[in-house]
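Please read the points below with the sequence and the model side by side.

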Amino acid sequence: MPCRDLLPGMSCVRVWNFGEHMCSEALEAPLSQASRAVPSIARVRNLQGGSGRTSSYAAHEAFLVVLRLQSYRVAGLWADGKRISHDAVSAGTLSIYDLERQWVADMDTSFDCLQFHVPQETLDQLADDAGLPAGQRLHCPPESSVIDPVVQRLGHVLAPALEHPDEFPRIFVEHLTLAVQAHLVGCHATSAGETRSASSRLAPWQRKRALDFLGANLAKDVSLDDVARECRISRSHFIKAFKASVGLPPHQWILLQRVERAKQLMVGTSMSLADIATEVGFHDQSHLTRRFNRAVGATPAAWRRCQ
(Lines give C-alpha, C1' and ligand atoms only; values in the text may rest on other atoms or scores of the structure.)
Protein backbone atom coordinates (compact mmCIF):
# COMPACT_ATOMS: atom_id res chain seq x y z
CA MET A 1 0.00 0.00 0.00
CA PRO A 2 1.39 3.44 -0.90
CA CYS A 3 0.27 5.05 2.37
CA ARG A 4 1.65 4.26 5.81
CA ASP A 5 1.72 5.78 9.30
CA LEU A 6 4.69 8.04 9.86
CA LEU A 7 5.49 7.63 13.56
CA PRO A 8 3.85 6.02 16.60
CA GLY A 9 1.41 8.48 18.09
CA MET A 10 1.06 10.34 14.78
CA SER A 11 -1.51 8.12 13.13
CA CYS A 12 -3.25 10.93 11.26
CA VAL A 13 -0.01 12.12 9.65
CA ARG A 14 0.90 9.84 6.78
CA VAL A 15 3.62 9.38 4.23
CA TRP A 16 2.47 8.78 0.69
CA ASN A 17 4.60 6.38 -1.32
CA PHE A 18 4.65 8.29 -4.59
CA GLY A 19 6.75 5.85 -6.60
CA GLU A 20 4.77 2.79 -5.56
CA HIS A 21 1.47 4.41 -6.42
CA MET A 22 2.60 5.57 -9.87
CA CYS A 23 4.81 2.52 -10.55
CA SER A 24 7.53 4.98 -11.52
CA GLU A 25 10.59 6.87 -10.33
CA ALA A 26 9.90 9.30 -7.48
CA LEU A 27 12.38 11.89 -6.26
CA GLU A 28 10.99 12.59 -2.81
CA ALA A 29 11.92 15.61 -0.72
CA PRO A 30 13.75 14.76 2.52
CA LEU A 31 11.52 16.91 4.74
CA SER A 32 11.67 16.96 8.52
CA GLN A 33 9.31 14.53 10.20
CA ALA A 34 8.70 17.08 12.93
CA SER A 35 7.50 19.67 10.46
CA ARG A 36 3.87 20.11 9.50
CA ALA A 37 5.21 19.86 5.97
CA VAL A 38 5.69 16.13 6.51
CA PRO A 39 7.46 14.16 3.73
CA SER A 40 4.77 14.98 1.21
CA ILE A 41 6.27 16.15 -2.04
CA ALA A 42 8.00 14.32 -4.88
CA ARG A 43 8.85 14.67 -8.52
CA VAL A 44 7.28 11.61 -10.12
CA ARG A 45 8.18 10.64 -13.65
CA ASN A 46 8.45 7.87 -16.17
CA LEU A 47 10.39 8.99 -19.21
CA GLN A 48 10.54 5.57 -20.86
CA GLY A 49 6.86 5.33 -21.73
CA GLY A 50 3.60 4.43 -20.02
CA SER A 51 3.63 2.76 -16.62
CA GLY A 52 0.11 1.36 -16.89
CA ARG A 53 -2.51 1.65 -14.19
CA THR A 54 -1.69 3.23 -10.85
CA SER A 55 -1.75 0.94 -7.82
CA SER A 56 -4.51 0.75 -5.24
CA TYR A 57 -4.17 2.37 -1.81
CA ALA A 58 -5.98 2.58 1.50
CA ALA A 59 -8.48 5.45 1.37
CA HIS A 60 -7.59 8.12 3.91
CA GLU A 61 -8.20 11.79 4.72
CA ALA A 62 -5.71 13.50 2.43
CA PHE A 63 -5.39 15.11 -0.99
CA LEU A 64 -2.98 14.42 -3.82
CA VAL A 65 -2.15 17.64 -5.67
CA VAL A 66 -0.60 17.08 -9.11
CA LEU A 67 1.27 19.76 -11.07
CA ARG A 68 2.16 18.53 -14.55
CA LEU A 69 5.64 19.50 -15.74
CA GLN A 70 5.03 18.19 -19.25
CA SER A 71 2.01 17.39 -21.36
CA TYR A 72 1.04 13.74 -21.40
CA ARG A 73 -1.91 11.47 -22.10
CA VAL A 74 -4.01 9.44 -19.68
CA ALA A 75 -5.79 6.56 -21.39
CA GLY A 76 -8.47 6.38 -18.71
CA LEU A 77 -9.37 7.71 -15.26
CA TRP A 78 -11.63 6.03 -12.71
CA ALA A 79 -12.95 7.17 -9.32
CA ASP A 80 -14.38 4.45 -7.07
CA GLY A 81 -14.58 2.15 -10.08
CA LYS A 82 -16.51 4.62 -12.26
CA ARG A 83 -14.87 5.99 -15.37
CA ILE A 84 -14.91 9.79 -15.38
CA SER A 85 -14.08 12.51 -17.89
CA HIS A 86 -11.01 14.66 -17.42
CA ASP A 87 -9.41 17.69 -19.01
CA ALA A 88 -6.40 17.36 -21.26
CA VAL A 89 -3.32 16.87 -19.11
CA SER A 90 -1.31 19.77 -20.50
CA ALA A 91 1.95 21.07 -19.08
CA GLY A 92 1.33 23.48 -16.22
CA THR A 93 -2.12 22.24 -15.30
CA LEU A 94 -3.08 21.48 -11.72
CA SER A 95 -5.50 18.84 -10.41
CA ILE A 96 -6.42 17.74 -6.89
CA TYR A 97 -7.52 14.20 -6.00
CA ASP A 98 -9.47 13.48 -2.81
CA LEU A 99 -7.82 10.33 -1.45
CA GLU A 100 -10.92 9.31 0.48
CA ARG A 101 -11.94 8.09 -2.96
CA GLN A 102 -10.12 5.37 -4.88
CA TRP A 103 -8.54 6.87 -7.99
CA VAL A 104 -7.01 4.81 -10.80
CA ALA A 105 -5.28 6.31 -13.83
CA ASP A 106 -4.03 4.45 -16.88
CA MET A 107 -0.73 6.14 -17.73
CA ASP A 108 -0.02 5.16 -21.32
CA THR A 109 2.67 7.74 -22.17
CA SER A 110 5.77 9.13 -20.51
CA PHE A 111 5.06 11.75 -17.86
CA ASP A 112 6.75 14.14 -15.45
CA CYS A 113 4.95 15.87 -12.60
CA LEU A 114 5.21 17.24 -9.09
CA GLN A 115 2.92 15.66 -6.52
CA PHE A 116 2.02 17.02 -3.09
CA HIS A 117 0.42 14.78 -0.47
CA VAL A 118 -1.60 17.03 1.86
CA PRO A 119 -3.13 15.27 4.91
CA GLN A 120 -6.42 16.66 6.15
CA GLU A 121 -4.71 17.41 9.48
CA THR A 122 -2.20 19.68 7.72
CA LEU A 123 -5.05 21.36 5.85
CA ASP A 124 -6.94 21.93 9.12
CA GLN A 125 -3.87 23.51 10.72
CA LEU A 126 -3.25 25.82 7.76
CA ALA A 127 -6.92 26.82 7.59
CA ASP A 128 -6.92 27.59 11.30
CA ASP A 129 -3.81 29.76 10.86
CA ALA A 130 -5.59 31.64 8.05
CA GLY A 131 -8.72 32.16 10.15
CA LEU A 132 -10.89 30.07 7.83
CA PRO A 133 -13.91 28.05 9.04
CA ALA A 134 -13.29 24.47 10.09
CA GLY A 135 -13.87 21.65 7.62
CA GLN A 136 -11.96 23.10 4.65
CA ARG A 137 -11.28 20.72 1.79
CA LEU A 138 -9.17 21.14 -1.33
CA HIS A 139 -11.10 21.11 -4.57
CA CYS A 140 -9.85 21.16 -8.16
CA PRO A 141 -10.83 17.79 -9.63
CA PRO A 142 -9.35 16.46 -12.90
CA GLU A 143 -12.42 17.45 -14.93
CA SER A 144 -11.75 21.07 -13.88
CA SER A 145 -7.97 21.26 -14.19
CA VAL A 146 -6.57 24.79 -14.12
CA ILE A 147 -3.28 26.58 -14.53
CA ASP A 148 -2.40 28.14 -11.19
CA PRO A 149 0.46 30.59 -11.82
CA VAL A 150 1.59 30.60 -8.16
CA VAL A 151 1.87 26.82 -7.86
CA GLN A 152 3.43 26.71 -11.31
CA ARG A 153 6.19 29.17 -10.34
CA LEU A 154 6.86 27.53 -6.98
CA GLY A 155 6.85 24.12 -8.64
CA HIS A 156 9.50 25.14 -11.13
CA VAL A 157 11.69 26.24 -8.22
CA LEU A 158 11.05 23.00 -6.32
CA ALA A 159 11.69 20.68 -9.27
CA PRO A 160 15.50 21.17 -9.39
CA ALA A 161 15.65 20.98 -5.58
CA LEU A 162 14.17 17.49 -5.79
CA GLU A 163 16.50 16.60 -8.65
CA HIS A 164 19.61 17.72 -6.73
CA PRO A 165 18.74 17.60 -3.01
CA ASP A 166 22.34 17.98 -1.87
CA GLU A 167 22.49 21.42 -3.44
CA PHE A 168 19.47 22.85 -1.60
CA PRO A 169 19.01 23.21 2.19
CA ARG A 170 16.17 21.15 3.63
CA ILE A 171 14.63 24.26 5.20
CA PHE A 172 14.42 25.85 1.74
CA VAL A 173 12.37 22.97 0.40
CA GLU A 174 10.18 22.87 3.54
CA HIS A 175 9.39 26.56 3.30
CA LEU A 176 8.48 26.32 -0.38
CA THR A 177 6.31 23.29 0.33
CA LEU A 178 4.49 25.15 3.09
CA ALA A 179 4.08 28.11 0.75
CA VAL A 180 2.44 25.85 -1.83
CA GLN A 181 0.13 24.33 0.77
CA ALA A 182 -0.82 27.75 2.19
CA HIS A 183 -1.64 28.96 -1.31
CA LEU A 184 -3.76 25.87 -1.96
CA VAL A 185 -5.77 26.65 1.17
CA GLY A 186 -6.23 30.25 0.09
CA CYS A 187 -7.26 29.55 -3.51
CA HIS A 188 -8.50 25.95 -3.77
CA ALA A 189 -10.13 25.23 -0.40
CA THR A 190 -13.85 25.25 0.27
CA SER A 191 -15.96 24.21 3.21
CA ALA A 192 -17.42 20.73 2.89
CA GLY A 193 -20.86 22.04 1.95
CA GLU A 194 -19.50 24.21 -0.87
CA THR A 195 -17.47 21.53 -2.62
CA ARG A 196 -20.12 20.45 -5.10
CA SER A 197 -20.89 23.97 -6.33
CA ALA A 198 -17.22 24.95 -6.42
CA SER A 199 -16.36 22.24 -8.92
CA SER A 200 -17.66 24.23 -11.87
CA ARG A 201 -16.51 27.73 -10.87
CA LEU A 202 -13.58 29.69 -12.20
CA ALA A 203 -10.61 30.02 -9.91
CA PRO A 204 -10.26 33.58 -8.51
CA TRP A 205 -7.42 34.43 -10.89
CA GLN A 206 -9.40 33.06 -13.86
CA ARG A 207 -12.48 35.09 -12.94
CA LYS A 208 -10.43 38.28 -12.70
CA ARG A 209 -8.59 37.57 -15.94
CA ALA A 210 -11.84 36.82 -17.80
CA LEU A 211 -13.62 39.96 -16.56
CA ASP A 212 -10.57 42.16 -17.18
CA PHE A 213 -10.16 40.75 -20.70
CA LEU A 214 -13.83 41.13 -21.58
CA GLY A 215 -13.98 44.61 -20.06
CA ALA A 216 -10.93 45.76 -22.00
CA ASN A 217 -12.43 44.42 -25.24
CA LEU A 218 -16.05 45.37 -24.63
CA ALA A 219 -16.51 47.03 -28.02
CA LYS A 220 -14.79 44.23 -29.92
CA ASP A 221 -16.25 41.00 -31.20
CA VAL A 222 -14.05 38.70 -29.10
CA SER A 223 -14.64 34.96 -29.30
CA LEU A 224 -15.24 32.60 -26.41
CA ASP A 225 -12.12 30.74 -27.52
CA ASP A 226 -10.10 33.93 -26.91
CA VAL A 227 -11.38 34.30 -23.34
CA ALA A 228 -11.07 30.60 -22.56
CA ARG A 229 -7.48 30.75 -23.80
CA GLU A 230 -6.80 33.60 -21.35
CA CYS A 231 -8.08 31.36 -18.55
CA ARG A 232 -6.14 28.33 -19.81
CA ILE A 233 -9.21 26.09 -19.99
CA SER A 234 -11.38 24.63 -22.73
CA ARG A 235 -14.18 26.65 -24.34
CA SER A 236 -16.94 24.38 -23.00
CA HIS A 237 -15.48 24.40 -19.48
CA PHE A 238 -15.17 28.20 -19.59
CA ILE A 239 -18.81 28.72 -20.56
CA LYS A 240 -20.10 26.60 -17.68
CA ALA A 241 -17.58 27.92 -15.16
CA PHE A 242 -18.19 31.56 -16.10
CA LYS A 243 -21.94 31.23 -15.54
CA ALA A 244 -21.38 29.45 -12.22
CA SER A 245 -18.95 32.18 -11.10
CA VAL A 246 -20.68 35.31 -12.41
CA GLY A 247 -24.31 34.24 -12.56
CA LEU A 248 -24.77 34.94 -16.27
CA PRO A 249 -23.58 33.37 -19.53
CA PRO A 250 -20.69 35.32 -21.09
CA HIS A 251 -22.75 36.90 -23.88
CA GLN A 252 -25.41 38.19 -21.46
CA TRP A 253 -22.73 39.62 -19.17
CA ILE A 254 -21.16 41.43 -22.14
CA LEU A 255 -24.51 42.90 -23.21
CA LEU A 256 -25.22 44.21 -19.73
CA GLN A 257 -21.74 45.72 -19.47
CA ARG A 258 -22.27 47.44 -22.82
CA VAL A 259 -25.53 48.88 -21.54
CA GLU A 260 -23.79 50.13 -18.38
CA ARG A 261 -21.03 51.70 -20.46
CA ALA A 262 -23.65 53.34 -22.70
CA LYS A 263 -25.26 54.85 -19.59
CA GLN A 264 -21.94 56.36 -18.55
CA LEU A 265 -21.45 57.92 -21.99
CA MET A 266 -25.02 59.24 -22.12
CA VAL A 267 -24.56 61.00 -18.79
CA GLY A 268 -20.95 62.07 -19.12
CA THR A 269 -20.72 63.09 -22.79
CA SER A 270 -22.75 64.77 -25.51
CA MET A 271 -22.15 61.95 -27.95
CA SER A 272 -25.03 60.97 -30.18
CA LEU A 273 -26.78 57.69 -29.49
CA ALA A 274 -25.53 56.34 -32.81
CA ASP A 275 -21.92 57.09 -31.86
CA ILE A 276 -22.43 55.64 -28.38
CA ALA A 277 -23.83 52.45 -29.88
CA THR A 278 -20.70 52.03 -31.99
CA GLU A 279 -18.40 52.99 -29.11
CA VAL A 280 -19.72 50.29 -26.76
CA GLY A 281 -19.90 47.51 -29.33
CA PHE A 282 -23.50 47.47 -30.62
CA HIS A 283 -24.08 47.18 -34.37
CA ASP A 284 -26.07 50.40 -34.62
CA GLN A 285 -28.45 52.65 -32.69
CA SER A 286 -31.43 50.35 -33.15
CA HIS A 287 -29.42 47.45 -31.69
CA LEU A 288 -28.53 49.63 -28.70
CA THR A 289 -32.16 50.65 -28.28
CA ARG A 290 -33.44 47.07 -28.27
CA ARG A 291 -30.88 45.83 -25.74
CA PHE A 292 -31.10 48.95 -23.56
CA ASN A 293 -34.91 48.81 -23.43
CA ARG A 294 -34.80 45.12 -22.52
CA ALA A 295 -32.30 45.68 -19.70
CA VAL A 296 -33.51 49.02 -18.32
CA GLY A 297 -37.19 49.17 -19.27
CA ALA A 298 -36.84 52.44 -21.19
CA THR A 299 -35.34 53.59 -24.47
CA PRO A 300 -31.91 55.24 -24.35
CA ALA A 301 -33.38 58.58 -25.37
CA ALA A 302 -36.06 58.47 -22.68
CA TRP A 303 -33.57 57.37 -20.04
CA ARG A 304 -31.14 60.15 -21.03
CA ARG A 305 -33.81 62.85 -20.72
CA CYS A 306 -34.49 61.78 -17.13
CA GLN A 307 -30.87 62.12 -16.00
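1. Of the 307 residues of the protein chain, 48% count as buried, where buried means under 20% relative accessible area, exposed means over 50%, and partly exposed is what lies in between, with a 1.4 Å probe and protein chains only. The model is a predicted one, in which local features need pLDDT of at least 70 and side-chain atom pairs count only at pLDDT 80 or more, while totals for chains, interfaces and linings use all residues. Residues are numbered from 1 along each chain as its sequence is written, and side-chain values use heavy atoms, with hydrogens and water left out.

2. The protein chain exposes about 14700 Å², and carbon and sulfur atoms supply 50% of that area; accessible areas come from the Shrake-Rupley method with a 1.4 Å probe, and for residues only the protein chains shown count as cover. The protein chain has 12 helices and 14 strands, these being DSSP runs numbered from the N terminus (H or I with at least four residues for helices, E with at least two for strands). Among contacts in the protein chain with a separation of 6 or more, 70% are accounted for by residues 24 or more positions apart, contact meaning heavy atoms within 4.5 Å.

3. How do helix 6 and helix 7 cross? The axes of helix 6 (residues 204–216) and helix 7 (residues 224–231) come within 9 Å and cross at roughly 140°, the axes being lines fitted to C-alpha atoms, for helices over the stretch in contact, and the angles running from 0 to 180 degrees between N-to-C directions. The two helices are therefore oblique to each other, since angles under 35 degrees count as roughly parallel, over 145 as roughly antiparallel, 65 to 115 as roughly perpendicular and the rest as oblique. Helix 6 passes helix 7 in a right-handed crossing; a crossing is right-handed if the near helix is turned clockwise from the far one by less than a right angle, and left-handed if anticlockwise.

4. Which residues make the contact of helix 6 with helix 7? On helix 6 they are Trp 205, Gln 206, Arg 209, Ala 210, Phe 213 and Leu 214, and on helix 7 they are Asp 226, Val 227, Glu 230 and Cys 231. By class, the contact has six nonpolar, one polar and three charged residues, with Ala, Val, Leu, Ile, Met, Phe, Trp, Tyr, Cys and Pro counted as nonpolar, Asp, Glu, Lys and Arg as charged, and the others, Gly among them, as polar.

5. Helix 9 (residues 250–268) and helix 11 (residues 285–296) pack at an angle of about 100°, with their axes 10 Å apart, and that makes helix 9 roughly perpendicular to helix 11. The contact involves Leu 255, Leu 256, Val 259, Ala 262, Lys 263 and Met 266 of helix 9, together with Leu 288, Arg 291, Phe 292, Ala 295 and Val 296 of helix 11. These residues divide into nine nonpolar, no polar and two charged.

6. The loop between strand 5 (52–53) and strand 6 (62–68) holds His 60, and Thr 54 lies in the loop between strand 5 and strand 6 as well. His 60 is buried, with a relative accessible area of 7%, and Thr 54 is buried, with a value of 9%. The C-alpha atoms of His 60 and Asp 98 are separated by 8.8 Å, although the residues are 38 apart along the chain. Not counting residues up to four places away in sequence, Thr 54 touches His 21, Met 22, Trp 103, Val 104, Ala 105 and Met 107.

7. Thr 109, in the loop between strand 10 (103–107) and strand 11 (111–119), counts as buried at 16% relative accessibility. Residues up to four places away in sequence aside, Thr 109 touches Gly 49, Gly 50, Tyr 72 and Arg 73.

8. The backbone of Cys 23 deserves a check: its phi is near 55°, a positive value in a residue other than glycine. Cys 23 lies in the loop between helix 1 (18–22) and strand 3 (25–28) and counts as partly exposed at 41% relative accessibility.
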